[in-house]
Protein chains: 2
Amino acid sequence: MADEKGFTLWFTGLSGAGKTTISEIVERELRARGSRVEVLDGDVVRENLSKGLGFSKEDRDTNIRRIAFVADLLSRNGVPVITAAISPYREIRDEARETMGDRFIEVFVKASVEVCAERDVKGLYEKAFKGEIKEFTGVSDPYEPPLNPELTLDTEHDSAEEDAAKILSLLEERQLIPAGQPA
Amino acid sequence: MADEKGFTLWFTGLSGAGKTTISEIVERELRARGSRVEVLDGDVVRENLSKGLGFSKEDRDTNIRRIAFVADLLSRNGVPVITAAISPYREIRDEARETMGDRFIEVFVKASVEVCAERDVKGLYEKAFKGEIKEFTGVSDPYEPPLNPELTLDTEHDSAEEDAAKILSLLEERQLIPAGQPA
């Protein structure tokens with residue numbers, strides 16, 4: 001796509017809040033509209049950029065800074081990016097915001113620990129509650145919700161499709177993507 | 001620039017062979033022609049993607065794999081990339097080649113250890129010869145030259161400007177960049 005505008009949809013939220021599910025719908029829709037997009041999912045990044053890092057504050061910060069470094073490289077060259085890591089610390093997200101300026105769109109994928117634990121997509125919360133996983137965000141490690149995100153998605157009440165639609169509307173409003181065709 | 005073709009100029013060569021110097025000239029010239037380009041220099045990458053990694057074979061391989069991951073993300077989205085890390089091991093360079101296919105252009109920046117040591121841009125060879133730096137490529141750590149690089153630059157005999165011109169000619173031949181204006 002010619003002269004596409006780069007941006008970074010920076011998802012943040014607990015494990016199981018819906019980051020990956022929503023990012024997959026947005027990715028599919030953007031591609032259907034002829035847009036490029038790269039998804040830097042938490043797991044993909046841990047495998048390719050951050051193997052060996054743990055979950056201490058320092059290691060989490062390093063991991064998030066690397067994601068921001070790559071998201072900045074892509075988005076400043078016109079590539080839309082979705083990052084879908086927990087990114088629990090406000091300070092490091094704000095650092096990413098500062099690097100990317102108005103290309104940075106923070107999306108708070110919101111759901112309570114209780115609801116995420118009920119979903120328990122990967123069976124992780126049960127282990128975390130039992131103490132079998134240490135430093136688990138929302139259980140034994142902090143999560144700092146954004147104070148002024150560009151978008152808050154209430155995944156306890158909205159479907160993933162509704163949330164994806166909200167993101168696409170925001171991108172259209174900001175003229176970062178072409179308007180969708182009426183169905 | 002609309003619909004630019006992505007590629008990765010993968011420089012490989014000893015410390016002091018001329019990778020950074022030549023990459024800077026190519027970068028300047030590409031920008032002058034209205035092309036985008038991102039340079040993933042060895043030092044930049046060590047700072048932003050690989051802090052904490054050392055110079056064992058394993059750590060070097062990890063470092064190079066990360067560079068390849070990012071170069072692939074950029075180049076498959078139409079962004080020209082220059083990587084300028086030593087990348088001493090053939091196997092890992094070939095892995096990057098496999099990932100990027102015909103977007104991968106290996107540029108052997110060739111100079112002997114003796115010539116690099118005479119230049120000794122950063123004063124590193126002296127320390128390496130004295131044993132003050134361990135695992136120094138070409139002195140106390142292996143360097144495996146490419147067997148079939150797309151381009152070999154003889155920086156012992158050519159100037160950095162001449163070498164940069166060779167790279168630009170190759171990119172023009174392959175229609176990866178627009179032809180330059182006659183001076």
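In what order do the five strands of the open sheet in chain A lie? The order is 2-3-1-4-5, with parallel pairing. This is a predicted model: local features need pLDDT of at least 70, side-chain atom pairs count only at pLDDT 80 or more, and totals for chains, interfaces and linings use all residues. Residues are numbered from 1 along each chain as its sequence is written, and chains are lettered from A in the order in which they are written.

**Sheet of chain A**
- Strand 2 (38–41) and strand 5 (151–154) are the edge strands, each pairing on one side only. Strands (E, at least two residues) and helices (H or I, at least four) are DSSP runs, numbered from the N terminus.
- Two strands pair if DSSP finds at least two bridges between them.
- From one strand to the next, the twist averages 20°.
- Strand 1 (residues 8–12) runs parallel to strand 4 (residues 104–110), joined by five bridges.
- A:F11 stands opposite A:V107 of strand 4.

**Helices on the sheet**
- Helix 4 (residues 90–100) of chain A lies across strand 1 and strand 4, at about 150° to strand 4. Axes are lines fitted to C-alpha atoms, for helices over the stretch in contact; angles run from 0 to 180 degrees between N-to-C directions.
- Helix 7 (residues 160–173) of chain A packs on the sheet and touches strand 1, strand 4 and strand 5. Its direction makes about 165° with that of strand 5.

**Interface of chains A and B**
- 15 residues of chain A are in contact with 15 residues of chain B (C-beta atoms, placed from the backbone, within 7 Å).
- Helix 3 (residues 57–75) of chain A gives the most to the chain A side, with six residues.

Technical notes
Contact = placed C-beta atoms within 7 Å.
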